[in-house]
Amino acid sequence: MSSVQNIQGNHACALAAVAAGCRFYAGYPITPSSEIAERMSVELPAVNGIFVQMEDEIASMGAIIGASMGGAKTMTATSGPGFSLKQENLGYAAATEVPCVIINVMRGGPSTGMPTRPAQGDVMQARWGTHGDHPIIVLTPWSVQEIYQQTLRAFDLSEALRVPVVVLIDEVIGHLVESVDLAKMNTGNPVERKWADSSQEDFQPYAHTEDLVPPMPRPGDGYRTHTTGLTHAENGFPTQDPEVANRVISRLLQKLEHHNDLVECVNQSDCKDAEIVIVAYGITARAAQSAKQQLQGEGVKVGIFRPITLWPFPQQTFSEAIANARLVLVPEMNAGQLIVEIERYRNDSTRIIGLNRYDGEPISPQQIFNKVKEVLQDA
Amino acid sequence: MSETQIRLSGSGGQGLQLAARILVSGLALEGRNISLSQSYEPTSRGGLSRSDLVVGSSTGYPLVSAIDYLVILDQIAVENSLGLIKNDSTVIVDSERVDSPPDGAHTTISLALIQTAREIGNVRAANVVSLGVLAGLSGICSQKSLLQAIRDTVPARFIDLNLEALARGYALVSAEKSKDTQLTAVS
């Protein structure tokens with residue numbers, strides 16, 4: 001019998017979390033992410049996991065950090081207004097290197113904005129929402145199937161690299177129901193955290209290991225450890241010594257680059273010979289894909305560069321992808337956010353053009369098609 | 001099988017999301033791949049509500065761009081679909097709540113969907129009456145699968161009501177076909 005089922009993006013996210021080994025969820029329901037909490041409240045008790053509806057988003061973020069320090073794989077889900085509230089504790093997770101997964105199903109903003117309308121306005125917030133230089137990974141799926149795959153991957157990356165991972169979903173695909181075969185996508189082999197097993201005597205919770213990811217002390221194993229958001233030395237205690245601060249913050253910031261082979265994930269098609277490359281993510285990339293088929297039918301040399309790992313931005317791969325392109329089009333459901341990053345990696349001969357919409361409606365394939373025709377005519 | 005785009009639209013509370021879920025459940029029984037999206041206001045009643053279905057997508061794009069079958073249960077939903085109607089679209093409107101259906105070369109069928117639901121005892125069953133009309137006209141899903149889908153989807157105490165609503169929808173199509181030969185060609 002076929003294992004294809006019709007499933008909503010938000011539900012696929014919850015199922016992937018449980019399949020990845022998530023056993024603790026704390027959250028405060030908010031449109032358009034609420035189905036994730038609802039589904040987790042059903043799925044987690046069935047696997048002896050814990051679901052807590054917290055008093056707010058700040059506490060939710062604190063709870064998943066605490067539970068993760070206790071040894072669990074943890075997740076919370078929210079939308080823009082809640083994501084704002086989580087930022088302080090998100091910075092704490094990045095600084096203390098506590099694995100956790102945060103789902104943000106984006107709705108129209110700013111502020112409480114348009115609760116039931118789609119947007120992609122949290123791209124910069126996902127990267128820079130919390131203060132200070134910090135590592136963070138942000139993944140942007142474009143389908144229900146990919147929500148499942150990237151949620152699985154979010155847990156694997158978070159556990160392997162001790163870094164918070166944000167899955168940035170737009171309302172359209174969060175609420176989209178598609179026919180998918182989830183059984184085929186679950187490798188059943190989730191990554192497990194690297195636990196400390198060295199001598200307890202001189203244990204350094206933030207040791208400068210070769211892979212830049214220090215093993216975590218598991219509660220109950222007997223390690224004495226200290227965790228703080230203050231800048232801390234390898235021994236876990238606060239320091240403001242410039243030399244030590246430079247060393248420990250540098251390790252923190254180099255961690256993701258060091259593991260770029262794990263972190264980077266790009267889907268690109270026909271970029272090599274393209275005259276115009278469309279850079280898109282989420283539902284907007286689906287529209288771009290549809291427009292591309294139509295444009296290629298008319299002989300336009302068009303490629304698509306889709307950064308599934310949006311942050312850290314895959315700069316090297318991107319620079320190579322646009323090497324031969326005259327034009328780069330960046331359609332986004334915001335006033336122009338990723339385009340700012342893209343501007344940094346342009347060639348002198350490449351023109352970068354935005355296509356932006358923030359009225360609560362998705363960008364259609366036709367809009368992208370028309371824009372490409374327009375800019376090719378001008379160029 | 002070719003791609004079919006369907007929109008069920010009206011005002012919040014008319015059961016459009018549920019009707020779409022029933023249709024998706026019926027299509028699943030027939031092994032059809034679908035994409036279902038929706039839009040509604042942050043209120044439990046009122047405001048534009050729509051449920052869009054792409055059956056057997058040919059491009060992989062999951063949202064509707066040119067609707068084949070459009071159901072409108074409230075005037076509030078007319079404007080939103082204007083740019084998505086083609087010359088060969090079929091537009092099914094409720095005769096009571098839609099005063100000015102979309103203009104154009106497409107086929108418009110105005111039926112007493114809400115009144116029919118009222119006659120069987122619950123005005124809220126207009127969604128499933130509409131589903132019967134939609135399925136009867138389009139043949140997108142068999143009546144057998146839809147009957148099963150209602151049993152699988154709807155709370156137990158409302159199953160009989162919805163089964164009757166579906167049958168009344170099909171009956172409206174039969175009655176319409178018998179007086180309009182053009183419609184026979186459409187189906």
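## Arg162(A), a buried residue

Arg162(A) is buried, with a relative accessible area of 3% (buried means under 20% relative accessible area, exposed over 50%, partly exposed in between, with a 1.4 Å probe and protein chains only). You will find Arg162(A) in the loop between helix 6 (144-161) and strand 8 (164-170) of chain A; helices (H or I, at least four residues) and strands (E, at least two) are DSSP runs, numbered from the N terminus. Its phi is near 50°, a positive value in a residue other than glycine.

Please keep in mind that this is a predicted model, where local features need pLDDT of at least 70, side-chain atom pairs count only at pLDDT 80 or more, and totals for chains, interfaces and linings use all residues. Residues are numbered from 1 along each chain as its sequence is written, chains are lettered from A and ligands numbered from 1 in the order in which they are written, and side-chain values use heavy atoms, with hydrogens and water left out.

## Other backbone features of chain A

Leu212(A) also has a positive phi, about 65°, although it is not a glycine. This leucine lies in the loop between strand 9 (177-180) and helix 8 (242-258) of chain A, and Leu212(A) is buried, with a relative accessible area of 8%.

One joins Gly109(A) and Pro110(A), with omega about 0°; Pro110(A) is in the loop between strand 5 (100-108) and strand 6 (114-118) of chain A. Another joins Trp311(A) and Pro312(A), with omega about -5°, and Pro312(A) sits in the loop between strand 13 (309-311) and helix 11 (315-321) of chain A. For context, most residues other than glycine have a negative phi, and most peptide bonds are trans.

## Domains of chain A

The domain assignment of chain A gives domain 1 (5-184) and domain 2 (266-378); such bounds come from an automatic or database domain assignment. Their C-alpha centres lie 26 Å apart. Across the two, 27 residues of domain 1 of chain A are in contact (heavy atoms within 4.5 Å) with 26 residues of domain 2 of chain A.

## A look at chain B

Gly139(B) is in the loop between helix 4 (126-138) and helix 5 (143-153) of chain B. This glycine is exposed, with a relative accessible area of 56%. The C-alpha atoms of Gly139(B) and Ala167(B), 28 residues apart along the chain, are separated by 14 Å.
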